[in-house]
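Trainee: Please show me the model, and then let us go through it.

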Amino acid sequence: AKRQGKNRYCIYDFALAMEFNERLRIERSLKQAIRNDELALEFQPLIDLQTSRVYGVEALCRWYHNELGMIPPDRFIPIAEQSDVIVDIGSWVLRESCRVLRGWMDSGLPELKVSVNVSARQLTDSRFAALVSRVLTEFNIAPEQLELEITETALQANEQILRQLEHIHKSGVGLAIDDFGTGYSSLSRLKELTFDRVKIDRSFVRDLPHSSNDIEICRAVMALCQVLSLQVTAEGVENHEQLDMLRELGCHCIQGYLFSRPLRPELLADWIRQTDI
Ligand code: C2E
Ligand code: CA
Ligand code: CA
Ligand code: CA
């Protein structure tokens with residue numbers, strides 16, 4: 001029994017070492033990822049329930065590593081966020097999103113909004129607002145067509161972040177609070193800064209319509225947003241039961257596998273052309 005215990009310890013140790021090793025490799029090669037053209041974007045449709053139409057898409061980053069294969073953002077974004085690498089990745093994502101949007105419009109696709117995820121560290125860089133306006137000009141995109149998604153946790157940070165966001169918002173760019181309900185100090189943030197949209201985190205949608213707690217949480221968020229004139233998008237909608245419940249609760253917008261997974265740009269364009277929701 002003793003020996004088995006020791007073995008188990010070894011296996012655990014080995015797994016830990018592997019994980020550490022992988023993290024190191026990710027950290028090192030992340031810097032090369034942009035230069036080597038290994039990053040790509042997928043886009044997931046955002047559906048407006050009132051008009052039953054796609055009002056926009058969320059840009060989601062993918063990394064195709066030459067040895068490790070596809071690395072999902074949950075694995076590399078948190079590592080990138082620990083250094084300034086996230087600033088370069090974030091700039092690339094913003095520019096690429098606008099480039100793709102311009103391409104869609106030039107090919108005759110109806111006007112869409114593009115939502116881009118932004119990390120706290122990007123916002124502490126004082127050049128971020130200038131970057132946003134430069135990219136919009138470069139691709140001739142109206143500020144109203146861009147929405148930035150910021151998590152509650154990122155908003156906790158500081159005064160400088162709030163001021164920069166305010167400046168960007170005044171130019172017409174939309175602001176959304178991402179993963180709403182998972183961070184904290186949500187209510188005070190809503191008061192300090194004008195947002196346009198709240199995205200209800202997938203964890204509150206998953207157990208609808210069976211969890212009465214989640215129903216009440218969603219109902220409360222919806223009521224709050226109505227008072228503050230904010231749009232609400234629920235993420236992670238995978239089935240009709242969830243959709244029906246959210247509709248009943250007065251939710252405006254939906255995102256989830258029920259409609260579509262995130263798709264490469266060409267496929268997303270095809271999807272929009274073919275879909276009549
Ligand atoms: P997020 O911003 O909350 O994005 C939504 C995530 O939920 C995406 O995961 C999307 O694929 C997934 N999702 C959408 N609908 C469903 C559904 O019906 N069921 C399930 N199970 N999942 C659904 P993804 O693409 O793996 O991205 C994970 C996270 O990585 C994002 O969460 C975001 O926090 C981060 N991320 C992705 N791209 C970027 C980026 O360019 N910049 C930054 N800063 N973060 C990013
Ligand atoms: Ca998001
Ligand atoms: Ca989210
Ligand atoms: Ca989420």
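What follows is a short exchange on a metal site and a core.

Mentor: This is a predicted model, in which local features need pLDDT of at least 70, side-chain atom pairs count only at pLDDT 80 or more, and totals for chains, interfaces and linings use all residues. Residues are numbered from 1 along each chain as its sequence is written, chains are lettered from A and ligands numbered from 1 in the order in which they are written, and side-chain values use heavy atoms, with hydrogens and water left out.

Trainee: Which residues are the protein donors of the calcium ion (ligand 4)?

Mentor: Donors are N, O and S atoms within 2.8 Å of the metal (3.2 Å for Na, K and Ca); water is not among the atoms, so sites may look incomplete. Along the chain, the donors of this ion follow the spacing D-x21-D-x33-E. At 2.5 to 2.8 Å from the ion, they are D179 (OD), D201 (OD) and E235 (OE).

Trainee: Which residue bridges the calcium ion (ligand 4) and the calcium ion (ligand 3)?

Mentor: The two ions lie 3.3 Å apart. The residue that bridges them is D179.

Trainee: Are D201 and E235 buried or exposed?

Mentor: Buried means under 20% relative accessible area, exposed over 50%, and partly exposed in between (1.4 Å probe, protein chains only). By that criterion, both D201 and E235 are buried.

Trainee: With which residues is L148 in contact, leaving aside its neighbours within four places in sequence?

Mentor: Contact means heavy atoms within 4.5 Å. With those neighbours set aside, the partners of L148 are V116, V118, F128, I168, V173, G174, L175 and A176.

Trainee: How many residues does the largest nonpolar core have?

Mentor: A nonpolar core is a set of buried Ala, Val, Leu, Ile, Met, Phe, Trp, Tyr and Cys residues joined through side-chain atoms within 4.5 Å. Those with the most contacts inside the largest one are F43, W104, L146, L148, I150, L246 and I254. Its residue count is 84.
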